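Subject: Handover of a structure and its findings

Dear colleague,

Please find below the structure I am handing over to you.

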Amino acid sequence: MDRVRVMESHVVNTPPPSPSPCATPAVTVCGAGNAAHVMVSHLSSLGCDVRWLAPFGNEQESLVEGLKKHGGILMNGKVGKPRVVTKSAMEAIPGSKFVFIPLPVFAHEATLRAVVPFCEEDCVIVVLPATGAFDWTAEKVFKDLNKRVDVAGVGPLPYVCRTRKFGEEVNLLGVKSRVGMACTKGADAKAIAGQIENMLGFQVVVFPSFLSITLTPTNPIMHPGRMYGMLVAKKYWRESTPPLTKNVLFYDECDEVSSQWIHRLDNENQMIVKKLEELLPGCIKDSVLPVNQYLKWAYGSSITDHSSAGACYRTNKQFHGVASPLLEVAPGYWVPNFKSRYFTEDIPFGLLTNKGIAELIGVPTPSMDCVIEWAQHEMGKKWIVDHKINPDETPQQTPQALGMTFQSFIAMYS
């Protein structure tokens with residue numbers, strides 16, 4: 001039996017469930033990004049008591065004003081309105097059975113510190129996506145606050161979506177066929193997966209541990225590999241004049257050089273998985289697929305050619321039309337945007353995390369090192385020095401920066 005079929009055997013409910021009327025009395029959605037807009041609109045339209053927690057800057061005021069346009073968030077012709085939009089976790093969280101955190105990795109810790117004190121005993125925190133070893137962040141916060149809450153980490157982010165107008169309208173372009181989910185120890189993972197399926201309408205596969213979420217070849221493999229192939233491996237962008245004459249479609253125009261680099265990173269990722277399974281039998285099982293098989297598993301019939309990462313990129317209808325993180329600094333003169341999340345998140349909270357695990361368990365990663373060294377040079381960072389993690393550089397999410405040893409890491413997942 002191939003690995004895709006093995007993973008499919010772990011799906012909680014098949015076939016894909018249709019969203020059902022919300023059985024939970026209250027949910028909180030944190031943040032105001034694209035996915036938060038989708039979740040607020042969707043869950044509100046199902047009849048859930050949705051509290052929208054928007055603590056950053058003036059987001060709350062802007063959302064309240066934007067909601068007046070359609071009487072809620074318009075998504076693909078339907079409108080869903082949250083009961084309350086607030087900056088205050090103390091107002092939003094009490095009574096919530098689920099707290100959804102669809103936020104980038106850098107916002108996870110601050111958000112947890114804000115919401116955990118107000119979570120009740122039966123509350124479940126759901127993070128999407130939970131890449132970048134979210135469980136390490138959760139354990140740190142729980143220890144500091146002397147309080148534990150059941151946490152479910154979902155990966156990858158299930159939605160392909162773009163906010164059309166902040167607080168008013170979001171365009172849902174696609175939903176993945178299924179996602180993986182891991183829970184902190186002691187949580188009823190199967191029950192939580194079933195509840196998430198019923199509310200959000202996609203299949204949920206229970207993974208053996210958070211290592212499966214961390215190492216699934218999503219953005220930390222897919223984005224840096226493509227960017228390195230586009231900007232360095234074919235021809236270094238600084239050496240051509242101008243560097244790029246147009247924005248490149250990130251997926252539709254994925255070339256074979258980029259595809260090869262995605263696979264180089266993924267091959268090293270698979271070596272990490274293999275070594276972890278030797279050290280911690282059952283911690284991953286068959287849950288971390290090679291990148292093109294993973295894309296087939298996650299997107300199903302949306303992809304028509306699964307022969308390579310590049311083929312998946314080019315034939316995935318949910319990916320069509322997505323631009324690259326480039327800036328036009330003059331007419332017809334495009335350069336990489338090293339402040340985009342493809343760099344600021346996917347390197348220090350993604351690829352570097354995997355590199356850190358590899359270093360801890362003795363797996364060489366020359367291709368990861370190559371990509372990280374290029375990115376850090378452009379970003380003015382020194383995350384790795386002489387091919388070793390530099391734990392003093394910030395920001396980063398690595399075992400080394402958190403002071404983990406080989407023994408403590410193994411104990412965490414034993």
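Two strands are taken to pair if DSSP finds at least two bridges between them. Please bear in mind throughout that this is a predicted model.

The four-stranded sheet

There is also an open sheet of four strands, ordered β4-β3-β10-β9, again with mixed pairing. Here β4 (78-80) and β9 are the edge strands, each pairing on one side only. The twist from one strand to the next averages 30°.

Both senses of pairing can be followed along β10. Strand β3 (residues 73-75) pairs with β10 (residues 169-175) in the parallel sense over two bridges, and Met75 stands opposite Val170 of β10. By contrast, β9 and β10 are antiparallel and share six bridges; in this pair Arg162 has Asn171 of β10 as its bridge partner. The strands β9 and β10 form a hairpin with three residues between them. In the turn of this hairpin, Gly167 has a positive phi of about 80°.

The largest pocket

The largest pocket has a volume of about 870 Å³. It is lined by 38 residues, of which Asn34, Pro129, Leu157, Asn219 and Arg341 are the closest to its centre. Two or more lining residues come from each of the elements α2 (34-45), β9 (159-165), α9 (219-233), α11 (291-299), α13 (341-344) and α14 (347-361). By class, the lining consists of 24 nonpolar, eight polar and six charged residues.

The contact of α9 with α14

Both α9 and α14 are among the elements that contribute to this lining. How do their axes lie relative to each other? The axes come within 9 Å and cross at roughly 100°. Angles of 65 to 115 degrees count as roughly perpendicular, and α9 and α14 are therefore roughly perpendicular to each other. On the α9 side, Pro220, Ile221 and Pro224 meet Ile347, Gly350, Leu351 and Asn354 of α14. This contact of α9 with α14 involves five nonpolar, two polar and no charged residues.

Backbone features in loops

Where are the cis peptide bonds that I noted? One runs from Leu128 to Pro129, with omega near -10°. Pro129 lies in the loop between β7 (124-127) and α6 (134-145), and is one of the residues closest to the centre of the largest pocket. Another cis bond joins Thr394 and Pro395, where omega is about -15°; Pro395 is placed in the loop between β16 (388-389) and α16 (406-413).

The loop between β7 and α6 also holds Ala133. Although Ala133 is not a glycine, its phi is positive, at about 55°.

With kind regards

Conventions
Residues numbered from 1 in each chain as written. Predicted model: local features only at pLDDT ≥ 70, side-chain atom pairs only at ≥ 80, totals over all residues. Heavy atoms only, no water. 1 Å grid on protein atoms, 1.4 Å probe; cavity = no way out; pocket = protein on both sides within 12 Å on 5 of 7 lines; lining within 4 Å. Points joined across faces, edges and corners; volume = space filled by probe spheres on them. Nonpolar A, V, L, I, M, F, W, Y, C, P; charged D, E, K, R; others polar. Axes fitted to C-alpha atoms, helices over the stretch in contact; angles between N-to-C directions. Parallel < 35°, antiparallel > 145°, perpendicular 65-115°, else oblique. Contact = heavy atoms within 4.5 Å.
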